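Here is a short briefing for a first look at this structure. Please keep the sequence and the 3D view open while reading.

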Amino acid sequence: MTTTARAHTNIALVKYWGKRDAALMLPQTDSLSLTLDEFYTTTTVNFNQALNEDQFYLDGELVSANKAQKVVKFMDLVRQLSGRTEYAQIASVNNVPMAAGLASSASAFAALAGAAAKDAGLDLSLKDLSRLARRGSGSATRSVYGGLVEWHRGVDDATSFAEPVQEVPDFDIAMLAILVDTSQKKVSSRGGMQLVVETSPYYPAWREVVKRDMVAIKEAIANRDLPTIGHIAQENALRMHALNLAADPGFTYFDGQTILAMQTTDRLREEGLNCYYTMDAGPNVKVIFDPKDQDDLLNALTPLFGAERLVVAKPGPGIEFLTEPVMKF
């Protein structure tokens, strides 16, 4: 028997950018995100008594044990929680560029958590599945749910979990990904966060910024106020990236095309389009916009970036369990 789960990426509108416990993946702050329909990971898990080690296949290719350490470590946690002792075959297919700031680890570990827990016989609530997914990748805790999702920083493992704010948003919101560069980023999210927490002199102020932004954005969501949601998300992203510039040594995920996308979004908003940008740990820009402006937005951005590098996404669903495996073992 195998178990297959699909989870979608999420993009943080209010970001956490820093952990206070790397082992338990406990964040420095709360955060809030939007799950996207266009980017997702599908994962099949099969516990098998005949195996003498975990086998991990990514997009059809067997990954070496050295490169699969994060997956093996996560499977060890599932074995510890479930009492299972067998190794497992794991196959994942990514419909999202990896390590490019598009939250591939969020969808990957949420899907792995769902498939592995269920195949191991764990009967977890979505809250507890969210806690489990967090142990693989912090942002994976939010990908268990669809729509707009809040991650509570908590004080320990039991209290750090995500829950939906609006699992199916009752107002119009969409996100356009500008795929500036989908190659692997030079500074990993984990490495960048740790450096910032340890060396950026502005980090204490960041915690206060997030506290205020969380209150304001949840109020804006309740009021279905897209301009305020977009404004908070854009300013929050800029302040997060300011932390990176102020680290020692300073670094940035931006390149020239990132700046062009940011400036173009600002210009289009000044011209009347309801659009705002956000960026995570990578050069790619995500534009929050009102779906009624989609044609105008694409018409303006396509000559600059090319239609093939523009992906429109809508609010996506939470974790799903499928009947067909991604790979037959």
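Asp-59 counts as partly exposed, because its relative accessibility is 42% (buried means under 20% relative accessible area, exposed over 50%, partly exposed in between, with a 1.4 Å probe and protein chains only). The model is predicted, so local features need pLDDT of at least 70, side-chain atom pairs count only at pLDDT 80 or more, and totals for chains, interfaces and linings use all residues. Residues are numbered from 1 along each chain as its sequence is written, and side-chain values use heavy atoms, with hydrogens and water left out.

**Backbone features**

- Asp-59 sits in the loop between β5 (55–58) and β6 (61–62). Helices (H or I, at least four residues) and strands (E, at least two) are DSSP runs, numbered from the N terminus.
- Asp-59 is not a glycine, yet its phi is positive, near 50°.
- Most residues other than glycine have a negative phi, and most peptide bonds are trans.
- Trp-17 also has a positive phi, about 40°, and is not a glycine. Its place is the loop between β1 (3–14) and β2 (19–21).
- Trp-17 is buried, because its relative accessible area is 5%.
- Asp-248 and Pro-249 are joined by a cis peptide bond, with omega about 5°. Pro-249 belongs to the loop between α6 and α7 (256–270).

**Helices α5 and α6**

- Helix α5 covers residues 203–222 and helix α6 covers residues 226–245. They pack at an angle of about 165°, and their axes are 10 Å apart.
- Axes are lines fitted to C-alpha atoms, for helices over the stretch in contact, and angles run from 0 to 180 degrees between N-to-C directions.
- How do α5 and α6 run relative to each other? They are roughly antiparallel. Angles under 35 degrees count as roughly parallel, over 145 as roughly antiparallel, 65 to 115 as roughly perpendicular and the rest as oblique.
- The crossing of α5 with α6 is left-handed. A crossing is left-handed if the near helix is turned anticlockwise from the far one by less than a right angle, and right-handed if clockwise.
- On the α5 side, the residues in contact include Tyr-203, Trp-206, Val-209 and Val-210. On the α6 side, they include Ile-229, Ile-232, Arg-239 and Leu-243. Contact means heavy atoms within 4.5 Å.
- By class, the contact of α5 with α6 has 12 nonpolar, two polar and two charged residues. Ala, Val, Leu, Ile, Met, Phe, Trp, Tyr, Cys and Pro count as nonpolar, Asp, Glu, Lys and Arg as charged, and the others, Gly among them, as polar.

**Helices α2 and α3**

- The axes of α2 and α3 come within 9 Å and cross at roughly 120°. That angle makes α2 oblique to α3.
- α2 and α3 cross in a right-handed way. Phe-109, Ala-110, Ala-113, Gly-114 and Ala-117 of α2 meet Leu-129, Leu-132 and Ala-133 of α3.
- The buried residues of α3 (residues 126–134) are Leu-129, Ser-130, Arg-131, Leu-132, Ala-133 and Arg-134. Their cover includes β3 (26–27), α1 (69–82), α2 (104–119), β8 (148–151) and β9.
- Leu-122 lies in the loop between α2 and α3. Leu-122 is buried, because its relative accessible area is 19%.
- Leaving aside neighbours within four places in sequence, Leu-122 is in contact with Val-78, Leu-81, Ser-82 and Ala-117.
- Leu-122 and Phe-109 are 13 residues apart along the chain, and their C-alpha atoms are separated by 16 Å.

**Two buried side chains in strands**

- Asn-46 is part of strand β4 (residues 31–48). Asn-46 is buried, because its relative accessible area is 10%.
- The side chains of Asn-46 and Gln-89 make a polar contact at 2.7 Å. A polar contact is a pair of N or O atoms within 3.5 Å; within protein, one must be able to donate a hydrogen and the other to accept it, and residues adjacent in sequence count only if both atoms are side-chain atoms.
- Beyond neighbours within four places in sequence, Asn-46 is in contact with residues including Met-1, Tyr-87, Asp-119 and Phe-329.
- Gln-166 is in strand β9 (residues 162–166). Gln-166 counts as buried, because its relative accessibility is 15%.
- The side chain of Gln-166 reaches the backbone nitrogen of Asp-170 at 2.9 Å.
- Beyond neighbours within four places in sequence, the contacts of Gln-166 include Gly-146, Leu-148 and Ile-221.
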